[in-house]
Amino acid sequence: MAVNSHPLVRVFPGSRCSLLLVMWGLLGCIIMFYFYSTIQHQSKGERQIGLNYLAMTRELEEVEEEYFHFPSPRGKRSPRAFKRRGPRKPPSVIDEFLDESSDLRPFFFPDHKTAIDPRKDDDVNRYLYPGRLWLDTEGNPIQAHGGGILFDERKETFYWYGENKDGPTYHAHSKGAARVDIIGVSCYSSKDLWTWRNEGVVLPGEETNLTHDLHRTNVLERPKVIYNDKTDRYVMWMHIDDVNYTKASVGVAVSDSPTGPFEYLYSKRPHGFESRDMTIFKDNDGKAYLIYSSEDNSELHIGPLTDDYLDLTNEMRRILVGQHREAPALFKYQGTYYMITSGCTGWAPNRALAHAAESIMGPWETMGNPCVGGNKIFRMTTFFSQSTFVVPLPGLPGSFIFMADRWNPSELRDSRYVWLPLRVGGVADEPLEYNFGFPLWSRVSIYWHRKWRLPDGWRNVQT
Ligand code: GAL
């Protein structure tokens with residue numbers, strides 16, 4: 001007997017089952033089609049973002065050659081001098097670089113006419129020119145040497161802190177290094193890492209109290225600032241020394257605002273050891289670390305700060321022992337820690353090295369010279385500069401800015417900034433000390449560019 005007597009649809013018990021099956025099948029098809037088109041759409045979008053990202057970073061990784069003609073030795077040598085000392089040896093490039101009267105001087109320290117100037121209309125492209133003078137929004141040369149950058153997420157602003165060296169250069173005694181009296185720590189703010197507004201001296205030197213760490217006759221170098229989320233305060237660590245670099249200590253200052261004023265708290269020898277060139281690093285978990293050159297600069301030490309970042313804990317590890325490295329600049333990418341350091345040759349430039357570690361407390365392994373392009377002399381002298389900081393670029397994972405100082409020891413206030421793109425990727429190119437197998441880490445590359453800029457929209461790119 002028929003169950004349904006509708007004239008058009010006569011459904012029998014067996015066929016009801018197959019109708020249900022057809023309907024479920026249709027529904028399944030619709031769902032699959034929906035998922036397929038969504039995935040297609042998504043991967044098209046991802047491909048597009050990926051391509052944009054690749055196009056952006058390709059420009060940063062272009063290898064640029066650099067040529068310069070070496071001037072022939074100046075002046076003639078008298079026959080007597082020739083007999084005594086033989087023919088004049090060509091000066092080394094480093095000598096030439098350090099010689100104020102060298103013909104190559106304008107090549108290393110281009111004059112004011114070529115300055116990077118945010119007030120000029122033709123600078124809309126925001127090009128960076130490593131080594132050129134860099135002016136702030138008021139037209140004055142930026143004074144932030146041995147510096148570092150803090151990105152304040154709440155204010156979406158970059159703050160650049162560094163040594164203000166805008167005073168006369170002199171030697172305190174014949175064997176002493178060239179120096180400038182302490183003026184203080186300058187701060188500049190920016191939204192684009194190119195236009196910098198002077199926020200003033202946020203930690204000034206001390207004029208009268210001779211016993212104060214910051215008395216102008218002492219040394220204040222390499223200030224770095226991090227933000228403490230728990231205390232809502234900005235904490236500055238810096239190298240504090242006397243004129244002969246025998247105090248070898250770290251100093252700590254604190255402020256409620258990134259633009260100061262910073263209150264100077266104290267100095268000490270970390271873990272009881274000498275500390276000269278140094279930096280601090282804040283990890284993603286909020287834990288922060290001090291890294292400093294110690295034991296006559298023959299090794300680096302690393303140790304965690306206390307939760308308020310105002311002091312050190314007792315934990316310390318010796319790293320890169322016997323390698324004589326200084327000017328450490330630390331950064332992290334995809335869970336691995338990286339560091340760039342320089343050799344120890346005072347204000348004279350030398351070869352940079354890149355190091356990597358799986359745990360920040362070590363062991364750290366040395367991977368080789370990260371400098372790419374320019375020419376051999378450029379690569380052997382870190383492009384005539386010394387590392388100070390590595391800035392992560394929010395929105396461009398794997399891309400960083402390598403910040404370095406091109407010191408001018410005859411006129412320290414005229415020292416220049418060498419900022420270049422740094423990328424992490426590819427295979428490390430030198431064998432590792434502890435690991436005789438394949439290198440575990442990616443290569444770190446710093447690409448020479450005479451002129452470069454951050455890709456358009458770099459702040460908003462997602463991958
Ligand atoms: C460098 C150091 C600078 C400064 C200089 C003084 O080795 O990195 O920060 O201390 O020596 O000669």
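Leu290 stands opposite Gly303 in strand E13, where strands are DSSP runs (E, at least two residues) and helices are DSSP runs of H or I with at least four residues, both numbered from the N terminus. The two residues belong to an antiparallel pairing of strand E12 (residues 288–294) with strand E13 (residues 299–304), which extends over 6 bridges; two strands are taken to pair if DSSP finds at least two bridges between them. These strands are part of an open sheet of 4 strands, ordered E11-E12-E13-E14 and antiparallel in its pairing. At its edges lie strand E11 (278–282) and strand E14 (317–319), each pairing on one side only. From one strand to the next the twist averages 25 degrees, with axes being lines fitted to C-alpha atoms (for helices over the stretch in contact) and angles running from 0 to 180 degrees between N-to-C directions.

The model is predicted: local features require a pLDDT of at least 70 and side-chain atom pairs count only at pLDDT 80 or more, whereas totals for chains, interfaces and linings use all residues. Residue numbers start from 1 along each chain as its sequence is written. The pLDDT, the predictor's confidence in each residue on a scale from 0 to 100, averages 86 over the protein chain, and 79% of the residues score at least 70. It stays under 50 over residues 1–13, a stretch with 8 contacts beyond four places in sequence; two residues are in contact if their C-beta atoms, placed from the backbone, lie within 7 Å. The pLDDT is also below 50 over residues 41–49, where the model has 2 contacts beyond near neighbours in sequence. Where pLDDT is low, the predicted coordinates should not be read in detail.

The secondary structure of the protein chain consists of 5 helices and 23 strands. Of its 463 residues, 36% are buried; a residue is buried if 20 or more other C-beta atoms, placed from the backbone, lie within 10 Å of its own, exposed if 12 or fewer do, and partly exposed in between. Among contacts between residues at least 6 apart in sequence, 50% join residues at least 24 apart.

A second open sheet contains 4 strands in the order E1-E2-E5-E6, with antiparallel pairing. Its edge strands are strand E1 (145–152) and E6, each of which pairs on one side only. Direction ignored, neighbouring strands of this sheet are turned by 25 degrees against each other on average. Within the sheet, strand E5 (residues 184–190) runs antiparallel to E6 and is joined to it by 6 bridges. Val185 stands opposite Leu203 in E6.

Glu207 lies in the loop between strand E6 (197–204) and E7. Glu207 is exposed because 11 other C-beta atoms lie within 10 Å. Its C-alpha atom is 9.2 Å from that of Ile182, 25 residues apart in sequence. Ala172 is located in the loop between strand E3 (170–171) and strand E4 (178–179), and is partly exposed, with 14 other C-beta atoms within 10 Å. Apart from neighbours within four places in sequence, Ala172 is in contact with Arg179 and Val243. The C-alpha atoms of Ala172 and Asn244 are separated by 8.7 Å, the residues being 72 apart along the chain.

Strand E17 (residues 353–357) is mostly covered, as 4 of its 5 residues are buried. It pairs in the antiparallel sense with strand E16 (residues 336–342) over 5 bridges, and Ile340 has Ala354 in E17 as its bridge partner. Strand E17 is also joined by 3 bridges to strand E18 (residues 365–368), again antiparallel; here the bridge partner of Ala354 is Gly368.

In strand E21 (residues 399–406), 8 of the 8 residues are buried. In a regular strand the side chains alternate between the two faces of the sheet. Both faces of E21 are covered, with Ser399, Ile401, Met403 and Asp405 buried on one side and Phe400, Phe402, Ala404 and Arg406 buried on the other. Strand E20 (residues 386–392) runs antiparallel to E21 and is joined to it by 6 bridges, with Val390 opposite Phe402. The two strands form a hairpin with 6 residues between them, and Gly395 in the turn has a positive phi of about 100 degrees.

The residues around the ligand are Gly146, Ala177, Glu221, Arg222, Asp277, Glu326, Ala327, Cys344, Gly346, Trp347 and Gln386, a residue being near a molecule if its C-beta atom, placed from the backbone, lies within 6 Å of it. Strand E7 (219–228) and strand E15 (326–333) each supply at least two residues of this shell. The shell divides into 4 nonpolar, 3 polar and 4 charged residues, where Ala, Val, Leu, Ile, Met, Phe, Trp, Tyr, Cys and Pro count as nonpolar, Asp, Glu, Lys and Arg as charged, and the others, Gly among them, as polar.
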